[in-house]
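Please read them with the structure open beside you.

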Amino acid sequence: MSSSIPLIDLRDVKKQYINDGVATTVLHGVSFAIQEGEFVALMGPSGSGKSTLMHILGFLDRLTEGAYFFRGQDVSRLDDNALTAMRRDQVGFVFQAFHLLPKSSVIDNIMLPMMYVGVPRSERRKKAEQALDSVGLSHRTDHLSNQLSGGERQRVAIARALVNNPSLLFADEPTGNLDSKSGSDVLQLLQNLHTSGHTIIMVTHESEAAEHAERIIRIRDGLLVSDARDHARRQGSIYNK
Amino acid sequence: MRADKEAFIINRGIFFVQLPDLFMTASSSLSRNKSRSILTILGIVIGIAAVILMLSIGQSAQGLILNQVADLGSDLIFIEPSSGGDSSGPPSAFVEQTLKIDDAKALERSGLFMDVSSMIVSSMAVSRGEESKFSQVTGVTEGYLSIFPADVAEGRFIERSDVDSYARVAVLGKEIAQDLFGDQDPIGKEIKIKQTTVRVIGVLAEQGSRFFQNLDQRIAVPVTTAQRDIIGLDTVNFIAARTSQDIESAKDEIRWILRAEHDIDNPENDVKKDDFIVSSQSDAVEIIGIVGGVLTILLSSIAAISLVVGGIGIMNIMLVSVTERTKEIGLRKAVGATYSEILQQFLLEAVLLTMLGGIIGVLIGVITSRLAASILASYIEGWQSIVPMEAVVSGVVVATTVGIIFGLYPARRAAHLDPIEALRYE
Ligand SMILES: Nc1ncnc2c1ncn2[C@@H]1O[C@H](COP(=O)(O)OP(=O)(O)O)[C@@H](O)[C@H]1O
Ligand SMILES: [Mg+2]
């Protein structure tokens with residue numbers, strides 16, 4: 001696996017925001033590679049730049065300096081439409097705040113991304129139902145999304161993220177708005193998805209959540225501070241700085 | 001694993017998202033805000049409906065007048081006083097009255113015309129005993145009936161000898177006869193026009209109205225009597241003649257005769273130097289066409305103003321909608337909606353709104369036009385319902401265009417939103 005081209009290859013990535021002439025550097029040079037099939041937890045204190053990094057990885061934002069290769073191709077050379085196409089065809093997002101359309105039904109929410117991919121209308125519902133089934137919510141198909149509990153909403157959001165068969169699933173603090181029971185359901189679901197072959201990058205600041213991942217990348221103040229895999233963690237080195 | 005997704009740049013063209021998707025998305029968001037959508041398009045609905053209604057009434061009136069003009073025949077020529085220039089129109093207080101009975105006589109003497117009649121018109125009180133009415137008193141010559149055909153129901157019409165002898169006689173319209181005499185036979189009885197007593201010698205059969213004037217309320221007297229004894233003027237308001245020649249050469253003949261009568265030195269045949277104006281029915285048709293054209297331009301500008309106002313309303317509401325739905329737009333962009341897909345979605349919403357406004361406006365305009373026509377038809381004889389088809393079609397087309405123009409700015413704003421900031425928006 002390591003011999004093949006990594007799915008994600010970040011090299012000395014820096015990100016600077018300029019607001020009203022004031023520059024804020026959020027990422028100071030982050031490098032790592034992620035292979036297909038991995039389940040990575042991106043950890044760090046609040047404000048350390050986790051979401052910013054995830055947005056760059058997920059083609060929602062652009063880096064300021066450094067390089068990002070996705071399957072060996074230079075992402076910084078893509079124009080806006082090509083970046084949009086990458087979001088549409090390569091990745092799925094799960095957000096802390098769910099971001100479902102509140103007045104639309106569960107099934108409509110899940111069908112939304114398929115509209116932009118160009119899945120024929122006749123196939124959309126079946127695919128959405130399959131995705132909904134895979135998160136265990138078949139009985140909620142025609143409910144309005146704002147009639148669901150938080151845990152259910154996040155599972156619908158996961159179904160929506162999966163419906164186009166993305167190469168990569170991003171989850172930004174997916175349990176942040178959930179009680180511990182729903183939170184662990186969602187984490188279990190993500191772990192099952194990983195087991196069945198999905199590549200997952202999960203941003204979190206909770207250690208218990210990160211336990212579900214097989215690799216933990218820690219950042220602090222925009223710098224990578226550790227990168228530990230399962231076997232290393234089992235050897236007790238995981239909490240090393 | 002996902003070799004089929006390797007392509008980085010997929011050329012999908014501008015209209016990638018199928019129209020049905022766009023249509024469903026746009027219409028469902030509009031129907032979610034039904035009352036707001038309806039209020040938004042109200043301006044456009046009212047603007048278009050009002051223009052169709054006014055155009056319909058204008059065109060019906062125009063058609064009615066044109067029909068009546070045609071009824072009078074194309075061989076009819078009118079001569080009116082004029083203070084120069086190329087103004088034309090009904091006798092007005094501001095125009096110096098220059099026509100005399102002698103002018104009509106000169107035309108008659110030329111032998112070029114089949115019928116010549118001079119007329120003087122004035123509204124005044126007419127009474128019989130206690131009964132008093134206001135009526136349009138018309139001084140005419142014996143040729144009047146061949147200019148404005150009507151049947152004599154009882155008695156006789158004014159004859160040449162009545163005109164020559166300043167006879168104090170009158171011929172009544174059907175309604176005024178009824179009003180003054182009820183069921184009695186008016187022939188031979190006397191009435192008073194202002195202070196002058198005249199004897200009724202005839203009653204005309206029912207004529208209805210022409211150019212919005214009720215002919216059955218009129219009273220005809222010899223033009224000489226009207227001038228000397230009733231109105232107190234030695235002029236006439238207009239002279240009418242029929243010709244069997246070519247209209248344009250007949251008009252020129254009249255001009256030369258009258259210039260001689262009025263001592264006007266005008267060898268270059270410049271009608272602006274004349275103190276009269278000669279016009280035929282075809283001139284009247286032309287003027288009515290010009291009036292109709294002006295009316296249409298006027299109404300079109302009102303329509304344009306109301307559509308701009310309506311369009312600004314649409315733009316305002318679409319901007320509100322974009323702001324309210326910032327998160328939705330952020331999400332759509334996050335899951336892969338392109339700039340042009342978001343643009344099309346919001347543009348289509350604006351267009352659906354205005355198109356709906358256009359259609360409803362046209363429907364209301366047509367219905368009210370029909371309604372107005374049926375009401376007017378019961379008051380005005382010969383009134384026909386005309387629904388201007390070009391206004392119906394352009395109403396919808398223009399409304400749709402308004403949607404595109406005024407929807408573009410909000411739609412661009414939506415399409416330009418940054419997905420991360422949009423998702424973070426509260
Ligand atoms: N658009 C922006 N403009 C300026 N500063 C920003 C912007 N987005 C994020 N930041 C700053 O970048 C830092 C990292 O933010 P973020 O990536 O959201 O952190 P985390 O997700 O780890 O909590 C924060 O200090 C935040 O204020
Ligand atoms: Mg964050």
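The points below take up a ligand site and then a pair of helices.

1. The model is a predicted one, and the remarks that follow should be read with that in mind.

2. Ligand 1 is placed between chains A and B. The residues surrounding ligand 1 include, from chain A, Y17(A), N19(A), V26(A) and P45(A), together with the run S46(A), G47(A), S48(A), G49(A), K50(A), S51(A) and T52(A), while R424(B) is the residue listed from chain B.

3. Within that surrounding set, several backbone atoms approach oxygen atoms of ligand 1. A backbone N or O atom of S48(A) lies 3.3 Å from an oxygen atom of ligand 1, the corresponding distance for a backbone N or O atom of G49(A) is 3.1 Å, and for a backbone N or O atom of K50(A) it is 2.9 Å.

4. In chain B, the axes of helix 3 (residues 101–110) and helix 8 (residues 247–261) come within 10 Å and cross at roughly 130°.

5. On the side of helix 3 of chain B, the contact is made by D102(B), D103(B), A106(B), L107(B), R109(B) and S110(B), which meet I254(B), I257(B), L258(B) and E261(B) in helix 8 of chain B. Sorted by class, this contact has 5 nonpolar, 1 polar and 4 charged residues.

Key
Residues numbered from 1 in each chain as written. Chains lettered and ligands numbered in written order. Predicted model: local features only at pLDDT ≥ 70, side-chain atom pairs only at ≥ 80, totals over all residues. Heavy atoms only, no water. Axes fitted to C-alpha atoms, helices over the stretch in contact; angles between N-to-C directions. Helix = DSSP H or I, 4+ residues; strand = E, 2+ residues; numbered from the N terminus. Contact = heavy atoms within 4.5 Å. Nonpolar A, V, L, I, M, F, W, Y, C, P; charged D, E, K, R; others polar. Near = heavy atom within 4 Å. Polar contact = N/O pair within 3.5 Å; in protein donor to acceptor, adjacent residues only side chain to side chain.
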